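Subject: Structure handover

Hello,

My notes on it follow below.

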Amino acid sequence: MDLSATPSRSKSKPKSSPAKPIAAPAEPQMDLCTPSKPTPRQKTKSAASPAPMSPATPSTVRRSRRLLDTPTKVAQEVPVKATPPPAARGKRAAPSPKTPAQREPKRQRRQPRKRAYYRKVVYDGGEFEVGDDVYVKRREEAELDAEEPEEEECRVCFRAGGGVMVECDACLGGFHLRCVRPPLRRVPEGDWACPYCESERAGKAVERPRPPEGKRILRTAKEKLLSSDLWAARIESLWREPDGMFWAKVRWYIIPEETAAGRQPHNLRRELYRTNDLGDIEMETILRHCSVLCPKDFRNADDGGDDVFYCEYEYDIHWHNFKRLADIDDEPETKEDPSDVPYNAGNDYNSDTDEDSEYDEEEEPKSCLAARRNQLHGLAANSRKGRTYGLQKIGIRKIPEHVRCHQKTELEKAKATLLLATLPKSLPCRDKEMEEISTFVKDAICNDQCLGRCLYIHGVPGTGKTMSVLAVMRRLRSEFDSGTLKPYCFIEINGLKLASPENIYKVIYEQLSGHRVGWKKALHYLTEHFSGVSKIGKQANQPIILLIDELDLLLTRNQSVLYNILDWPTKPNSNLVVIGIANTMDLPEKLLPRISSRMGIQRLCFGPYNFRQLQEIITSRLKGIDAFEEQAIEFASRKVAAMSGDARRALEICRRAAEFADYRIKQSGQTSANKGDGVVCMGDIEAAIQEVFQAPHIQVMKNCPKFGKVILVAMVHELYKSGLGEVTFDKLATTVLSWCHVNRELLPGYDTLMKICCKLGESKVILCEEGSKHKLQKLQLNYPSDDVTFALKESPDLPWLSKYL
């Protein structure tokens, strides 16, 4: 089957042997009180050296109950006492099982013993903790669980060791590099399939090598689990019963074949599903650890060992549907007592007194204990009583292939990195402007007075004004963290996010003090703060960098908001630096003299990008992603540079072209998208440009009446001229009449212009102020001015409009 679209680890894995070799036969005099090293959760993937010996062998090291009743063994062992924590020293310790020689006299009557919970237990030399993934015996009498190979054998020569082995991602078989035909010199990168699986995919009849005569092939725990001869589970809680038996509550994993949908083509060979089925099992049935990883960890587990599995979904055993683990909340787990300590189960069996162990007490009648034992399945080593919790029954019956977490193709990576919301690693083509901003801010911070420091940044939309300032502030933050820059306070405000211009006082005061007040009180407190009467907040003496984006939206009738903000830096010891950003170049000249004088003469202009700069911006975003032809990127850059020089529009066109190419390749069933061999071509860019610039609203602009086109161009002209987002009908009509007079066009009446504006408002090309129709009614363009420029720049019936755009 084709595994190219499924999640996989980043490269082919050198094969290793399982971490549990065959142990020596058990001796009657074994030491049960000596703790051993914990069982490793994962193992290395090298077969050149044998795996470390694990003491948790179920067939030989597993103790029997008869062995615990031997008086001679207890006499030879030294008891080890567990020190109880301070919170539990006052409790009565749990009694440990006694041999007949150590049983108490009948005259000593004790209270009923209670259950003790632990978060970690050392059992049979293995260390088991809540949250661990383990193998569980499927059947008590199953002989298949009794033996495991010390090292996995090669599927060609059937010998263990002797060199590095590589694992086939299709059949999970191990092969020596020298046994593969043709031989491999090194472990291949990415997914790798053995020649036998490749031949089977191609439909050829192939016969796999057979073991020598009389040789028996031992299966690993991984093979037994995938063939339903073992179970995998996650430990939810651990406890000890009054009779000394240790139990665990586990959450079961199942293989895809055990679900109602069965194994699907996009399932991984090592994939498991977590279920909502819980069960109580004896610790005697747990074999050893395994690792069930999420998709991200599984891809990075190159040398995780043979007992590594993949789990992405949870399966509801009652409703037979799936739900992604990342979309649901985990069920409440057993609450851990802070007094719990790791517990060695072997030590308790050799205690001479009842005070040698400590535990959390919980009442449980003997009838409940007997009833739970009777619930065990006759053939299995655990119970299969499931539960349903909350909204987990809501899911999908079958997992579609396109929703699986898989490695992203080159096109998918390109679409993600071309999103406008994605923060680029670097900002090219603006080094000069960023250096000037950095110098201005550093001089203002180092100057203790900070008297009258204002910087006005202007430029057409999409030229990187705000992003450049934020990049400079991130760089200065790193310098502050390294100790080379004085501490400062940075406040960023966007005028579009303010319900009214006066709300900027509330935002600034809340950033400084952490409290919310009305804008009038905030104005009073801020005026006192910057005047030196009373300071606000703990950072009162630090310089404040105030960044105001869309500064022109703070204009009011009397321009009091801008006056107050620009007047604060002129106060002695105000320590305030204001950086204003707007699209209008001559905004200071349109303000009152008292405001423009305080804004200062320090300005910074961001010009439109040319096609080379746009090409460099797109290429820097796509660094390391080979999904575009160079001619396609150049074509998109030239097209946008000729219209507006807006980098956002160029990124949007390239992202849309990547979507077209991805859809085309998926429809044709090709796999070239994974290789990234220039899959986005000129045709995809052309289709994206047609969609962006031939949208329905652009068609409406092209087909509107002659005076409607003049109104739209006049609105763009007035918006650029005033720097405001809206214009009154009276001013718009005056501009239209003057243009028509200069260009010898028929002069329309006010009623005609009003009707045309209403028609454009009905089509949502412009937005009209609610209320009655009058000369002072405010109008606003509903689409970017670039669309108006593209639609009407080459109008055949009004060629003179191009000189106003």
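Start with the contacts. Of those in the chain between residues at least 6 apart in sequence, 74% join residues at least 24 apart. Please keep in mind that this is a predicted model. The chain has 805 residues, and buried ones make up 49% of them. Its secondary structure comes to 25 helices and 22 strands.

Nonpolar cores

The largest nonpolar core holds 68 residues. Phe628, Ile653, Val680, Ile685 and Leu712 have the most contacts inside that core. What does Leu712 touch, leaving out residues up to four places away in sequence? The list is Met701, Cys704, Leu760, Val765, Ile766, Leu781, Val788 and Leu792. Another core lies apart from the largest one and has 33 residues. Ala522, Val578, Leu591 and Ile595 are among them.

Helices H18 and H20

Helix H18 spans residues 647–668, and helix H20 spans 682–693. Their axes come within 8 Å and cross at roughly 120°. Roughly parallel would need an angle under 35 degrees, roughly antiparallel one over 145, and roughly perpendicular one of 65 to 115. H18 and H20 are therefore oblique to each other. Their crossing is right-handed.

On the H18 side, the contact is made by Arg649, Ile653, Arg656, Ala657, Phe660, Ala661 and Arg664. H20 contributes Asp684, Ile685, Ala687, Ala688, Ile689, Glu691, Val692 and Phe693. By type, the contact residues are ten nonpolar, no polar and five charged.

Helix H13 and Gln559

H13 covers residues 560–567. Is this helix mostly covered or mostly open? Mostly covered: six of its eight residues are buried. They are Val561, Leu562, Asn564, Ile565, Leu566 and Asp567.

Gln559 sits in the loop between strand S17 (544–549) and H13. Its phi is positive, about 60°, although Gln559 is not a glycine. The relative accessible area of Gln559 is 11%. Buried means under 20%, so Gln559 counts as buried.

Other backbone points

His320 also has a positive phi without being a glycine, at about 55°. This residue lies in the loop between strand S12 (308–315) and strand S13 (322–324). Its relative accessible area is 33%, so His320 is partly exposed.

Where is the cis peptide bond? The bond runs from Arg181 to Pro182, with omega near 0°. Pro182 is in the loop between strand S7 (174–176) and helix H3 (195–201).

Trp800

Trp800 is in the segment after helix H25 (785–792). Its relative accessible area is 12%, so Trp800 is buried. Which residues does Trp800 touch, not counting those up to four places away in sequence? They are Val710, Trp739, Asn743 and Glu745. Trp739 is 61 residues from Trp800 along the chain. The C-alpha atoms of the two are separated by 9.6 Å.

Best regards

Conventions:
Residues numbered from 1 in each chain as written. Predicted model: local features only at pLDDT ≥ 70, side-chain atom pairs only at ≥ 80, totals over all residues. Heavy atoms only, no water. Axes fitted to C-alpha atoms, helices over the stretch in contact; angles between N-to-C directions. Helix = DSSP H or I, 4+ residues; strand = E, 2+ residues; numbered from the N terminus. Left-handed = near helix turned anticlockwise from the far one by under 90°. Contact = heavy atoms within 4.5 Å. Nonpolar A, V, L, I, M, F, W, Y, C, P; charged D, E, K, R; others polar. Core = buried A, V, L, I, M, F, W, Y, C linked by side-chain atoms within 4.5 Å. Buried < 20%, exposed > 50% of the residue type's maximum accessible area, 1.4 Å probe, protein only.
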